[in-house]
Amino acid sequence: MNITFDDNLITGNKTIDSQHQELIDRIRQFVAACESGDSKIKAIKMLDYLDEYTNFHFQEEEELQKKVSYPEFSGHHAKHEEFKTSIQELYDYLNENEGPDDQFIEQVKRNVVDWLFQHIKTFDRSVAEYIHLKDNSDRL
């Protein structure tokens with residue numbers, strides 16, 4: 001599974017983009033651990049590592065949105081909550097099974113990787129564009 005931060009994921013906001021790079025790096029490490037057949041314990045620790053940064057990033061992003069009075073904040077927040085639910089479902093899966101298997105990896109691909117890339121390209125890019133427009137209109 002190719003999980004890389006590329007030009008398609010750049011929002012134009014340096015803070016958001018650097019956090020997305022870190023988040024994608026953590027996802028890549030998590031998926032690599034799962035695909036290599038690492039133990040359930042290691043998979044849970046890697047999921048903890050991903051979950052911790054996800055929560056930090058979402059909090060930072062939401063603070064930024066509040067600061068600039070982003071009009072679509074509630075919808076964006078709801079999407080973040082949706083992602084957190086997906087992370088909890090991964091914990092549940094690992095707790096109910098012997099460890100990461102092909103079905104788990106497919107769930108990660110669909111509910112973490114694909115979701116995040118789509119979210120960045122739509123919701124996060126919209127936030128960055130709003131901030132850019134707001135900053136430029138404030139200067140006029």
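A word on the ground rules. This is a predicted model, in which local features need pLDDT of at least 70 and side-chain atom pairs count only at pLDDT 80 or more, while totals for chains, interfaces and linings use all residues. Residues are numbered from 1 along each chain as its sequence is written, and side-chain values use heavy atoms, with hydrogens and water left out.

## Overall layout

Helices (H or I, at least four residues) and strands (E, at least two) are DSSP runs, numbered from the N terminus. The C-alpha trace spans about 60 × 25 × 20 Å along its principal axes. Among contacts between residues at least 6 apart in sequence, 72% join residues at least 24 apart; contact here means heavy atoms within 4.5 Å.

## How the helices pack

Helix H1 covers residues 14-35 and helix H2 residues 40-67; their axes come within 9 Å and cross at roughly 165°. That makes H1 roughly antiparallel to H2. Angles under 35 degrees count as roughly parallel, over 145 as roughly antiparallel, 65 to 115 as roughly perpendicular and the rest as oblique. The axes themselves are lines fitted to C-alpha atoms, for helices over the stretch in contact, with angles from 0 to 180 degrees between N-to-C directions.

By class, the contact of H1 with H2 has 14 nonpolar, five polar and five charged residues. Ala, Val, Leu, Ile, Met, Phe, Trp, Tyr, Cys and Pro count as nonpolar, Asp, Glu, Lys and Arg as charged, and the others, Gly among them, as polar.

Next comes the pair H2 and H3, whose axes come within 11 Å and cross at roughly 170°. These two helices are therefore roughly antiparallel to each other. Their contact divides into 11 nonpolar, seven polar and seven charged residues.

## Residues worth a look

| Residue | Relative accessible area | State |
|---|---|---|
| His76 | 0% | buried |
| Asn111 | 18% | buried |
| Ser69 | 52% | exposed |
| Asp7 | 65% | exposed |

His76 is found in helix H3 (residues 73-96). Its side chain makes a polar contact with the side chain of His119, at 3.2 Å. A polar contact is a pair of N or O atoms within 3.5 Å; within protein, one must be able to donate a hydrogen and the other to accept it, and residues adjacent in sequence count only if both atoms are side-chain atoms. Not counting residues up to four places away in sequence, His76 touches Glu61, Gln65, Tyr70, His119, Phe123, Asp124 and Val127.

Asn111 has its place in helix H4 (residues 102-139). Leaving aside neighbours within four places in sequence, Asn111 is in contact with Phe83, Ser86 and Glu89. Asn111 and Glu82 are 29 residues apart in sequence and 9.6 Å apart in space, C-alpha to C-alpha.

Ser69 is found in the loop between H2 and H3. Its phi is near 55°, a positive value in a residue other than glycine.

Asp7 lies in the segment before H1. From Asp7 to Ser74 the separation is 67 residues in sequence and 27 Å in space, C-alpha to C-alpha.

Note on methods
Buried < 20%, exposed > 50% of the residue type's maximum accessible area, 1.4 Å probe, protein only.
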